[in-house]
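Dear colleague,

Please find below the structure that I am handing over to you. My notes follow it.

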Amino acid sequence: MILDGKCPTGPIEQSWDKHRFDLKLVNPANKRKYNIIVVGTGLAGGAAAASLGELGYNVQAFCYQDSPRRAHSIAAQGGINAAKNYPSDGDSIMRLMYDTIKGGDFRAREADVWRLSQVSNNIIDQCVAQGVPFGRDYAGYLDNRSFGGAQVSRTFYSRGETGQQLLLGAYSAISRQIKLGTVKMYNRREMLDLVVVDGVARGITCRNLISGEIESYAADAVCLCTGGYVNVFYLSTNAKGCSVTASWKAAKKGAFFANPCYTQIHPTCIPQAGEYQSKLTLMSESLRNDGRIWVPKKKEDVGKRPDQIPEEDRDYYLERKYPSFGNLAPRDISSRSAKEQCDEGRGVGPGGRGVYLDYADSIKRLSEKIICERYGNLFEMYERITDDNAYKTPMRIYPAPHYSMGGLWVDYNLMSNIPGLFVLGEANFSVHGANRLGASALMQGLSDGYFVIPYTIGGYLTTVKPGAVKTDHAEFKKSAEDVSTTTKKLLSINGKRTVTEFHRELGKIMWNNVGMARSKESLTEAIKQIPKIRDEFWNNVKVTGSGAELNQQLENAGRVADFLEFGELLARDALHREESCGGHFRVEHQLPDGEAKRNDADFSYVGAWEFKGVGKEPELHKEPLKFETIHLAVRSYK
Amino acid sequence: MSDHKTMTLTLIVWRQKNANDPGKFETYSAKNITEHHSFLEMLDVVNEDLINDGKEPIVFDHDCREGICGMCSQVINGAPHGGQDRTTVCQLHMRKFKDGDTIYIEPWRARAFPIIKDLIVDRTALDKIIQAGGYTSCHTGGAPDANSILIPKPIAEEATDAAECIGCGACVAGCPNGAAMLFTSAKVSQLALLPQGKIEAAARVKNMTSTMIECGFGNCTNHYECQAACPKGVNVKFIARMNREFIKAQFA
């Protein structure tokens, strides 16, 4: 099937305004008759629930945490982009669009990226009005900082905790609507199924994580704002509860999954210290501005203390391989190079999984005080975790899975191929192409939630009769029974291995074969291995306790079971995409300097996969990508 | 690296099946723990052992494991989050303990935080306080240009200090009165400091403090235990500011 994104035609500068005018409106008096479900309360979900509630719709919002304020958007450090051009350094909506398309290696839709760039300015206005405390200069104006992939200063920030402040802004907005009664909040609920009646999304099935009850909720539209899936690698920078479950359940009900192989591996994370490790912590990429990355030239030196290795025995491999960009090489190149050094046996620290990020030269050049002013909080965080003082000894860093650009396929209205199912934020595939630039994730979440869905969902709702399907419908009963059956099955296996052991095993296969450097051999191996682990999981997993109570092992078992199916799809997508682009790197397809070699003739499309059954080959549908405003070019940062 | 050295610790952990169960302490042994384990990873190890023995693992709230989501919540040896300065449980590492130590682990204890199971408590009372007024009543869209509201840098910085609160509830757990004054004052102060929040300041402080009392939180008697427990270093001066705002509101 050739998919149609239903993007507006005509000049790109007028596309969103024209589309908004063309969308049908729901009469204000009728809005309260419509029920909308919002799953997830991060930047996308929190903003959507608050805005839709304010418009007058009946909103039911769900999150698995104990409060909507905890979603993992909160962990974003760096900032949020907008095309305000306050520093007057040449920024514009068109330039933000250009940088985003180019940064995504020409694998995103132009119309969606234009819209994102256009509303980016409204986001900053909105957040300031909410009382989000952005960084300011001494005249009281908003301050900007620079970020990767752009030559202008367009990143708004709040210390090193921009995600926290923006999320708390959205949380305050949703709290206001909860008080007003337009949003009903369901905490500690996990969506375990999408209910589809006659091909239309009509509600969800949840597990109440405290009582264990399986609950049904009906609505006229369902918005998934459930984040990304890089916990498929087990170790990642995501929160422990982040999973693919909501998206995957929707995929199993017919929603197409687009570009799952586009995953981002972030270069500056604190390395794994041991097998027991449960997550990886990211440190802002800004660290690379003043640090020099190196490993020992000789393998026999890796066990030595760094100060025992003389200058001539150090390999500053990024400066050597990429002399013009050096330590500021793009995220994907930096990450891949670190892995290569470690794979060659020159990695440092526990398990040889790390490279040095050395501040000695910068401290000599600028003073310890200036380095402290710039990076003090990061050095403090590093010391808390590793017990090392990075002013005295080099930091150790290693790449970690961080973000998923792929996600459920949506059209320009953010609606999936299932009518009534909308997907927002990281959970959809729409704007980042094959690679996301820094400070663009927060922008997308809030754009989708505050400024896109409030318009586009109305256009859909005018076509449906409110309240047409209730939870007494047979499909709701069947869905609840299916969820109960799976829960009982997980509890009854009583095997020999814990859920975490399976997740770790899957993670290793994904990291080694479907991680930063992928090949036909490695991907074929992953596709062979994953079903074996899945089979063993369903015969040998041990989940204690019962389903009728708070049971974290059971929650986790369900999420890992879904990763065991989804991981295979990710590998298949990576195998089919015979090119390198952005975060997807196939060793067979690279330029002589190690840069990604795209194949625009054959792969300039969105690959959207239709689920055909567990263990069965999924069907590929394509949405061709056209570049009419930003012309296709080789991505180069040299 | 001293990975080869491992510790064995005795854990005395609060176990409670559900809200109605009286609950009791149980003793466990944590083996093969290195100094690099985080506190929660140490509990992960204990839980894997419990599951392999066919026993119910200890449940505890956690999510981001990088000190920002506010989900983790344990009283360790009597101190919320374990007592390390500006550190959540998930960022506490086992190098702060010695081989052979005995560690007491309890949930947040406060009247307004009923226990759900083991170390997990119900903190929805904190959400209720925010719902009572922890926002500006701005509408989506229609906000003026962001730079039309100028805010002096020192004011913006102080508002950000208050906004650092992660809503974990350690201040309540640390307070002998089970008060949520530091939590409430952080939001009241953030918004009272900023011009965007001043318009509703009087109604906000009244509504938020009355909700605080309705939810069963105690009052402040200047113990400063909240500030000591706060993993984000939120300062008690914000309580003083909230009290001033409260008095001002009586005349508004």
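How many bridges join strand E3 of chain B to E5(B), and do these strands run parallel or antiparallel? The answer is 2 bridges, with E3 (residues 75-76) and E5(B) running antiparallel; strands (E, at least two residues) and helices (H or I, at least four) are DSSP runs numbered from the N terminus, and two strands pair if DSSP finds at least two bridges between them. Here Val75(B) has Glu106(B) as its bridge partner.

This is a predicted model, in which local features need pLDDT of at least 70 and side-chain atom pairs pLDDT 80 or more, while totals for chains, interfaces and linings use all residues. Residues are numbered from 1 along each chain as its sequence is written, and chains are lettered from A and ligands numbered from 1 in the order written.

E5 (residues 102-106) of chain B is also joined by 4 bridges to strand E1 (residues 7-15) of chain B, and these two run parallel. Leu11(B) is partnered there with Ile103(B).

In chain B, the axes of helix H3 (residues 153-163) and helix H5 (residues 181-193) come within 8 Å and cross at roughly 160° (axes are lines fitted to C-alpha atoms over the stretch in contact, with angles from 0 to 180 degrees between N-to-C directions). H3(B) and H5(B) are therefore roughly antiparallel, the term for angles over 145 degrees.

Between the chains, the contact takes 65 residues from chain A and 69 residues from chain B, counting residues whose C-beta atoms, placed from the backbone, lie within 7 Å. On the side of chain A that touches chain B, H6(A) gives the most, with 9 residues.

Yours sincerely

Conventions: Angles under 35 degrees count as roughly parallel, over 145 as roughly antiparallel, 65 to 115 as roughly perpendicular and the rest as oblique. Two residues are in contact if their C-beta atoms, placed from the backbone, lie within 7 Å.
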